[in-house]
Amino acid sequence: MDAGAQWAIEVAGLEKTYGERRAVDGISLCVARGEVFGILGPNGAGKTTTVEVLEGYRRADAGSIRVLGLDPWSEGEALRPRIGVMLQSGGLSPGLRTIETLRLYTAFYDGADDPEQLLARVGLTDAARTPVRRLSGGQYQRLSLALALVGRPEVVFLDEPTAGMDPRARAATWDLVRALRDQGTTIVLTTHYLDEAESLCDRIVIVDHGRVVAAGTPDELTGAAPRHEIRFSSRPGLDLAALAAAIGVPLAVCTEDAGEYRIAAASDARLVGDLAAHLLAVGAPLDALSTGRTTLEDVFLQLTEEDA
Amino acid sequence: MNRRAVLAQARSETTLGLRRGESLVVTIGIPVGVLLFFGRVSQPTVDGDPLAFLVPGVLALAVMSSAMVSLGIGTGFDRRFGVLKRLGSTPLGRPGLLAAKTLYVLAVEVIQISVLLAVAVAIGWEPAGGIPLAVLFLLLGTIAFAGLGMLMAGTLRAEANLALANGLYLVLLFLGGMAYPLTRLPGGVQTVANLLPAAALAESVRGALAEPTDVPLQSVVVLLVWATVLPVLAARLFRWEE
């Protein structure tokens, strides 16, 4: 048995081509049991193709793929009872009611969750008798999520789970994902919301053009590109050369965008003091001064734009 | 295959099928309407009892409506809405889903045939002939028309599939020798009609219910060919995602 194995998912050299287009071009990744693993990338990067290979929907052209020790394509029958899937969109019969849909899925799994309790957990109790065709976009997503969980799966795949949800539903979904992780469920999610990846995931890969361009914990990823910076607002059109000279940094690290200034340098008291003195000397205002480290968004944009 | 999953899915398919009003019109309403209208109001000119001609025809029509139209249109929209895809990653799986849809068609046919036979007896039809043979032909017809329905559902866009399935239903009703004998059609049309699955099914069932020795061999052969070719084509060409 693979019950004691460390990895829930092991992928090496995954390739998938559709006609002329290479959707996935050699992705390798490992997901540990019990972790929340994020796959982040722009549209068309290969996120969904990768997840759909793991779910057993598509056969890889090349590479070794193991989910819970099984090949999702050839051993799907053994794997399917142990995984839960939330598609990026669609999947539900418009004519069935919410509770009917959930009850149907409970018949698919041994030891399934109680449908009423699960509805309460995703906040759909009031919509239990509503036909699927009348659910709002966010309610539809929450029902899809409930269906992914009803079989008490060991691994859950969530393809952009909070797309189209209002902020409250989104927060509730995040709580649900954290609760699942606390029960030991392994979760693989794709997202294009950077804050979602940063606050929810234990580890992240950033995928672009079918390849992994960065991998690590959110902290490692933001630390991998140590771009500390100082941001402030002032009068547009300040002389950047004079500014750079006054605070003792290279001109190249200073940029302006319509009165919003960024200086890519680690902040310290001396630098901020010199900046304030310079602005005072040239009679310019100093508003909204902030300092900080790079966000995951900056890393993401930097990595995915470099080869664009 | 997971039996509990298949039965649950079959029940859900049947619930949905009975909830679709337009599906009931095609599967029950029209066959019963044809039987009553041509059986009581405007009887076809045939040798012998008009009901002995009509009842096998509407049984064939019933099979065509459930196996081709209802199954095909439902599956086409399942494909459009991603239902086929989603169920593919549950323990039900694709083979289980096909088994459930088969059970659904058989369940609808049992309801259709019960209603039609009750109406037929009520207006004076007397059962005769080889019932087991007629059931065998109806099953063969189910395989042929389910093959055709799934072929269209798995290759066309949902709207095109909807239009084509309903259109074919009408054309095959006219060319199927169901409500009036094929001999009323011009010679060339008759020849083509005899090679189509609808007339082959109607004629086979009619022969079986009259006198099993009367079964027209050509119709049985045509039915067998369609019942082989259409499911094979469907299995090869079916795409699970639109």
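Guide: A residue is buried if 20 or more other C-beta atoms, placed from the backbone, lie within 10 Å of its own. The model is predicted, and local features need pLDDT of at least 70, side-chain atom pairs pLDDT 80 or more, while totals for chains, interfaces and linings use all residues. Residues are numbered from 1 along each chain as its sequence is written, with chains lettered from A in the order in which they are written.

Visitor: What percentage of the residues of chain B count as buried?

Guide: Chain B has 242 residues. Its C-alpha trace spans about 55 × 35 × 30 Å along the principal axes. The buried share of chain B is 50%.

Visitor: How many helices does chain B have?

Guide: Helices (DSSP H or I, at least four residues) and strands (E, at least two) are numbered from the N terminus. Chain B has zero strands, and its helices number 10.

Visitor: Why is chain B as compact as a globular protein of its length?

Guide: The globule rule (2.2 Å times the number of residues to the power 0.38) is set against a radius of gyration over C-alpha atoms. For 242 residues the rule gives 18 Å, and chain B is that compact because its radius of gyration is close to this, at 18 Å.

Visitor: Which residue in S7(A) is the bridge partner of A:Val36?

Guide: Strands S3 (residues 36–40) and S7 (residues 186–191) of chain A run parallel, joined by five bridges. In S7(A), the partner of A:Val36 is A:Ile187.

Note on methods. A residue is buried if 20 or more other C-beta atoms lie within 10 Å of its own, exposed if 12 or fewer, and partly exposed in between; C-beta atoms are placed from the backbone. Two strands pair if DSSP finds at least two bridges between them.
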